[in-house]
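Thanks for asking me to look this one over. Here are my notes, in the order in which I would read them beside the model.

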Amino acid sequence: MKNRLRDAIQSSRADFTEIRLERSVTSAVTFRGPRLEGATVSTDEGGFVRCLNRGYGWGMASFTSLDHLSAMVARAHELSLAVRLDTPIRLADVPAREDDVVLPLGEDVRGIPLDVKKRHLESLNAMMLGRDRRIVDTQAGYRDEVVEYWYTNSDGTMLSEVRPEVTLSAVAVARDQGTIERALESLGRRSGWNAVQHREEQFLSAADRAVALLGAPRVRGGTYPVVLDQKLAGVFVHEAFGHLSEADFVYENPQARDMMTLGRRFGGPELTVGDDGSAAALRGTLPYDDEGTPTRNTVLIQNGVLVGRLHSRETAAHMGEIPTGNARALSFRHPPIVRMTNTYVANGSGTRDDLFKDIKLGIYACDAQGGQTFLEDFSFTAGHGYMIRDGQMAELVKNVVVAGNLFQTMDRIDRIAGDFQWNELGGGCGKGGQAPLPVTEGAPHIRISEALVGGSVR
Amino acid sequence: MISRLLEQAGRRAEAADATLKTDETVTLLFEAGRLKSTSWSQEQGVNLRVLSGNRIGVAGSTAAEPSGVVEAALASAAIADPVDLLLPAPAPLPSVRTYSPAAAAASVSDLSALGQSLVERLSHDGWQVNVTVERSAGSVRVANSRGVEATYDVTAVSLAAEVTRVSGDDILMVGDFYAAADLPAEPVVASLAESIGRRVHWAEQAAPPPRGELPVLFTPAGSAALFLPIRQACQGKAVLQGVSPLGGRIGERAFDSSLSLVDDPWVAGAPGSRAIDDEGVVGRRLPLVKDGVIAGFIYDLETAARAGVPATGHARRTTFGKPQAAYSNLVLSPGDLTWDELVAKVHDGLIVDELIGVGQGNVIGGAFSHPVALAYRVSGGEVVGRVKDAAVAGNAYELLSRIAGLGREVEWRGSLAMPPILLEGVSVAPR
């Protein structure tokens, strides 16, 4: 394969050329209620070429046939020449390297028969179904993937990687007459079969939570002090802050650049936030991004001061900063764009209960069901929550949606506990039509002195 | 290729069906008003389903000469649960336009000129304009071992624009898009630019958020929180699983009598149009809600077989995985009010144009609570400015049981066509 790639790069007449090829094997098993929805193994392969010429724009080609690489390179070159640009696109320098990396496969899923995967999920699903007579429906999913990956560019970089990924997901639906509640659990790791063993507790807790929510009151909307658990704090920092730190949001927009000027205050002196694509075996972990830039730990907020942002080679050159290894593509069907990897809030000190202590009436919001950010406004949905009364965790409540303005909310983070944990959820991030991209978030418990919960005035 | 696969599968299974989809797409990206990249992509994917011993197996491949697909499908069937599935026999196809020769023939420079014309219409001091133009052309082939064999060509054109305006810590982002089989005509491009311009203009003034149970006018773009629950509840699979609040209630009045929602695969040139679905079932116009009465649900073959009802022609297949039921085009019947009449009728309330976080949580239950991304304050029957720090909440089923007004103009947004809809008693809270 490398020889074919070298030949194709050499055939290019463009000033800069890069080629990515992928060949993946995926197993997927899903159960809906007691029934197997499907169990499949599929293979997918294809490539992506991108060319750039001085004074012109990007030309790109993606394809599912690997037989005509040089023709694809020629096509991308032609498309580049179709776009004249007054302000040239520049790419920040990244030292050329040759590397072959097999990420830890955690017992290679390709060696496990599909039937074994099916039976494993079947038993986890059956535990959920059998937990309580009010569990009326479940969805259980298992998915693994091993991607053989090649990247090369005309700067002399030549990489090959084997990238594994495995996810488990559980949805339990409980019904009691007209009331229907659901609870979710998921797991995602850049690893293999080992990572999905001993997950019974997670599936049971989905069932237990769905049943418990049946009898829980809806949270009364209003403004409260809110403590976020590690999962929700992680999703919060990804959604509310992370997306604004992606340099492609600011690099072409002078006003946005002003808003995100390095040195600006973000939160208090306890707050440190970063993104680390080089952490071990997490969903967002990779040795190199999809432009061949090594991944690394990029600190974004250091003790309440904005100190960094996430870059591709193009955004880094444009802003005179250093590429951070955050140019990622969902697959060969897509160009690399600036994305997060494993985003985190660093540890503070103390325990969760310390954060509750001086709250008279507040909300403990747990478990992320999803989040969305619309620039400075964000909203995320907790799986469940508890009231905090007189410094103690009190009754379970449902329909906990936390919303706010990023700048205000960051400033209102008034306590950060010392119980950091990566959340390893199985979902993913969406941007520019590329979803779900594997990412992970991590955080300790954090406290927001005041946030809008719910929204119902009743 | 597909007939050879079916023949191979036929030797080892009782029945089989397959789709073969090919597609070539050109995408042009204008960033900050400048054309920045041009991409071309080519994709071919085959999806094969076999029925072996009453068990269903599925496999897919993007390879030009897929080998091993039949084996993979049989292996998937070997561990599946049994189901009585009867593939459809050939039936006459309605004539549905899904293809535009002009769109297929458009060159990169034609598409670039189209994007450029929208950029120019939106060019304005302090506005960052991003425009995407995409054109794909391809074909869909559906066949099964009972003799169904249909092929049709498809084009899809989309033109999307987004304007970002930042001042201080205040960010405004307004977008709109066009999607259809045809290239947009000049007036369509003009009205796209106007619609964005109008909303940026409305947002120039900030207005304090109101509070209370208020009349709220939902634009088609702002109404996702209202219709997503119905879309999920009319899925045959949700009904079958017993998790749809509308399940088992066909013929029952559930909504305001002005609400009629039809799934229509026959609209000429609309994004979801097709003469036949991906399982070879010929679809038709299917009322989901008729004059407020629950009228139908959508099914793929397998879900229909398990539920003991006829399939409705809603199966969609991608290269990988099993067929799933999906809507074609959803069309909500218009009412008789002009936009100005609707705004006047709101009198003192809100226009909601986009919400944050729709689709999270227990959607099918109908309860929602979302901060607004784009909303405008109506006071004294006039739009007076943008409302930022507010959230709207309610239950979609309850709110839609009394509709205060429907616009007479239907707006197409992708495969969804609907008028603006005015609801009363929507909970609005400041943040």
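1. A word on terms before the distances: the domain bounds used here come from an automatic or database domain assignment. Please also keep in mind that this is a predicted model.

2. On that basis, chain B splits into domain 1, residues 2–201, and domain 2, residues 205–431. Taken over C-alpha atoms, the centres of domain 1 of chain B and domain 2 of chain B are separated by 23 Å.

3. How many residues does each domain of chain B bring to the contact? Domain 1 of chain B gives 33 residues and domain 2 of chain B gives 28 residues. On the domain 1 side, the elements that supply two or more residues are β1 (15–31), β2 (34–52), β3 (55–61), β4 (128–144), β5 (149–167) and β6 (170–180) of chain B. That side of domain 1 of chain B consists of 20 nonpolar, eight polar and five charged residues.

4. Now for the two chains together. Here 68 residues of chain A are in contact with 60 residues of chain B. Strand β2 (residues 35–52) of chain A provides the largest share of chain A's side, with twelve residues. By residue class, the side of chain A that touches chain B holds 27 nonpolar, 25 polar and 16 charged residues.

5. Strand β3 (residues 58–63) of chain A and β2(B) run parallel and are joined by five bridges. For a place to start, find A:S62, which stands opposite B:S41 in β2(B).

Terms used: Residues are numbered from 1 along each chain as its sequence is written. Chains are lettered from A and ligands numbered from 1 in the order in which they are written. This is a predicted model: local features need pLDDT of at least 70, side-chain atom pairs count only at pLDDT 80 or more; totals for chains, interfaces and linings use all residues. Two residues are in contact if their C-beta atoms, placed from the backbone, lie within 7 Å. Helices (H or I, at least four residues) and strands (E, at least two) are DSSP runs, numbered from the N terminus. Ala, Val, Leu, Ile, Met, Phe, Trp, Tyr, Cys and Pro count as nonpolar, Asp, Glu, Lys and Arg as charged, and the others, Gly among them, as polar. Two strands pair if DSSP finds at least two bridges between them.
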